[in-house]
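This report describes the architecture of one protein chain for a reader who is new to structural analysis. Please keep the sequence and the model in view while reading.

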Amino acid sequence: MMRKHFWLILFLLIFDTPVSYAAQNAMPLSLKQSIELALQNNIDVLLARARAQEAQGQKMVWNADLLPQIDAVASQERTWWENIGALGFPGFTGVIGPFNTFNAGIMVSQRILDFSALAHAQAGRIKWKSSQLEIELASQQVVLATSLAYIQALGYEEELSSSYEDVRLAENFLSLSEHQQDVGLASVLDVARERTQLAQQKARQEELRLNVVKSQLELKRLIKIPLSQPIELMDVLDTRKYEYLNVNDAIAHAREDRMEMLVAHADSDYSFAELKASKREYLPKIDLTGEWGEAGLSPDKDVTHAANAMVSISLPIWDSGSIAGDIKEKAGLNEEEKIKSDDLNWKIEEDVRVALETLVSTRAQVDAESQVEDFAQRELTLAKDRFSAGLGDNIQVINAQDALADARDKYIQTESQYDQAQLNYFGALGNPRQFNLSGNDEFTKLKQLGLLGDPRKFDLSINNKEGNS
C-alpha cells in the first residue's frame, strides 16, 4: 500500500512541475491589487490630479487680488518742461526745466474694497473643491471599470476550467462507445457521434481560451502592466447574499453620496460665484497705494528721503457692454449647470432602480441555473447507464453532454452577472469600493501553493503556450 502511494506522489510531482513553473512566472493578482495598480496609473485619475493643480493655481491668483502687493521700484526721469503750479505749490507759476529726477523705493498697494474680487476668490475656492471631488469621481470610475474587467476575466476563466471537464467527459464517453462497439452493443455511428462531440468540445475550449486571453489583455491595459506579463487571478466569483437598502432609502443615499452629484453641486456653486463676480464689476473699487524711498536729481546727487500715499476710487461709467456681456455669459453657464444637476437627479434614481431590479433578477437566475446544472448532471448519469447497459444508441448521451456543458456555462455566466450586479449596485449608491470578492480561502491557498490542477495556472497566450509545451 505504501509503495502504491509512493508512485502516486512521484507521478504528481513529475507532472505538476510545468504547472508550478508557470505559476512562478505568473503574477498573482487579486481584485484589490488590480484596483490599486489602476488608481496609480490610470490616465483619467492622473488628468484629474493635473486639473486639481491647475485649480489650485487659479485659486491662488484670485486670492492675490485681495492681498497686499509689495514692489521695489527705481526710475531715472528726464523732464524738459514742467508747470510749477501743477505740482501743488500755490502762488507759483511758470515753467521750469530741463532737469533730471531719480526715484527708488518700496511701493505697497492694497485693495481696500472690491466686491468682484471677493466673489472671484470665493469661486476659486469652490473650483478647487470641485477639482478634489473630480479626482475621487475619476477614481471611482476606475474602480468600477477595473472591477468589471476582473469579474469578466474570472467568468471566462471559470468557463474555460469547466470546458476541461467537458472534454474529459467526451473522451471518456468515446472510450465507452469504442468498448461498446467491441462487445457488439454499439455501432460505428455511435463512435462517430462521440468523435464529433469530442471535436466540438475542443473547438469550444479554444474559443473560451481566446476569450480568456482577450479579457486578461483588457485587464492588463486598465491596470497598466506589460501586456506580455502572465497573470494569475487569485479571487473567485462570489455569490453570497447581502442585505440591501430599499428603493427609497437607496435613492436618498445615492443623491447624497454620488460623486457625480457632489461635483455637479460644486460646479453650480462655482458658476453662481462667477456670475456674482461679473455683476459686482458695476460696484466701486477702492485702492490704497503708498511709497517710501529715496529721491533726487540722480542716484549720487542731492538724494533725500521721500514718501507718499494715495487712496483712489474707481467706478465704471461706460464700458461698451463688456460687463453686461460677461454677465449674460455667466448667467447662461449657471443655467446650464442647473439643468445638468436636475437631469442628474433623474439619472441617479434610474441607476438605483435598475441596479436593485438587476440584483433580484440575477440572484434568481443563479439559484435556477444551479438547479439546472444538477438536473443535467443526473440526466447524463441516467443516459450513460442506459447506454452502458446496451439499451439504445448514444444519442441521449450526446444530448445530455450538450445540456450539461450548456448548464455549466450558464451557471458561471449568471455568477459573473450577479457579481457585476452587486458592483453596479454599490456604484449606483456612490461607493463602489464596498464591493469585494472575498473568494474561497482554501481555494486561494491551493492556488498559491501551486497544488491546484487548474488551466489558469498557465499563461494562455499563443506564444507562451508554445513555449510552455
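In this chain, 81% of the contacts with a separation of 6 or more are made by residues 24 or more positions apart, a contact being heavy atoms within 4.5 Å. The model is a predicted one, in which local features need pLDDT of at least 70 and side-chain atom pairs count only at pLDDT 80 or more, while totals for chains, interfaces and linings use all residues. Residues are numbered from 1 along each chain as its sequence is written, and side-chain values use heavy atoms, with hydrogens and water left out.

**Overall composition**

The chain contains 11 helices and eight strands; these are DSSP runs numbered from the N terminus, helices being H or I with at least four residues and strands E with at least two. Of its 469 residues, 39% count as buried. Buried means under 20% relative accessible area, exposed means over 50%, and partly exposed lies in between (1.4 Å probe, protein chains only). The accessible surface of the chain is about 26,900 Å², and carbon and sulfur atoms hold 58% of that surface. Such areas come from the Shrake-Rupley method with a 1.4 Å probe, and for residues only the protein chains shown count as cover.

**Helix α4**

Helix α4 covers residues 115–182, which makes 68 residues. From first to last C-alpha it reaches 100 Å, close to the 100 Å expected at 1.5 Å a residue; the expected span is 1.5 Å times one less than the number of residues. At the start of α4, a side-chain oxygen of Asp114 comes to within 3.1 Å of the backbone nitrogen of Ser116. Just after the helix, Gly184 has a positive phi of about 85°. Ala123 and Asp269 are 146 residues apart in sequence, yet their C-alpha atoms are 7.8 Å apart in space. Asp269 belongs to helix α7 (residues 259–279) and is partly exposed at 43% relative accessibility.

**Salt bridges**

The structure holds 21 salt bridges, each defined as a side-chain nitrogen of Lys or Arg within 4 Å of a carboxyl oxygen of Asp or Glu.

| Arg408 | Asp166 | 2.6 Å |

Which parts of the chain does the bridge between Arg408 and Asp166 tie together? Arg408 lies in helix α9 (residues 395–429) and Asp166 in helix α4, so the bridge joins parts that are 242 residues apart in sequence. Arg408 is buried at 10% relative accessibility, and Asp166 is buried at 3%. Both residues belong to a network of salt bridges that also includes Arg204 and Asp409. In the second pair, Arg258 is buried at 5%, whereas Glu260 is partly exposed at 25%.

**Aromatic pairs**

There are two aromatic pairs in the structure. Rings of Phe, Tyr and Trp (its six-membered ring) pair if their centres lie within 6.5 Å; planes under 30 degrees apart count as stacked, over 60 as edge-to-face and the rest as tilted. The ring centres of Tyr244 and Tyr425 are 4.7 Å apart and their planes meet at 75°, so this pair is edge-to-face. The pair links distant parts of the chain, as Tyr244 is in the loop between β6 (231–233) and α6 (247–257) and Tyr425 is in helix α9, 181 residues apart. The rings of Tyr425 and Phe426 also form an edge-to-face pair, because their centres are 5.3 Å apart and their planes are at 65°. Tyr244 is partly exposed at 25%, whereas Tyr425 and Phe426 are buried.

Notes:
A polar contact is a pair of N or O atoms within 3.5 Å; within protein, one must be able to donate a hydrogen and the other to accept it, and residues adjacent in sequence count only if both atoms are side-chain atoms.
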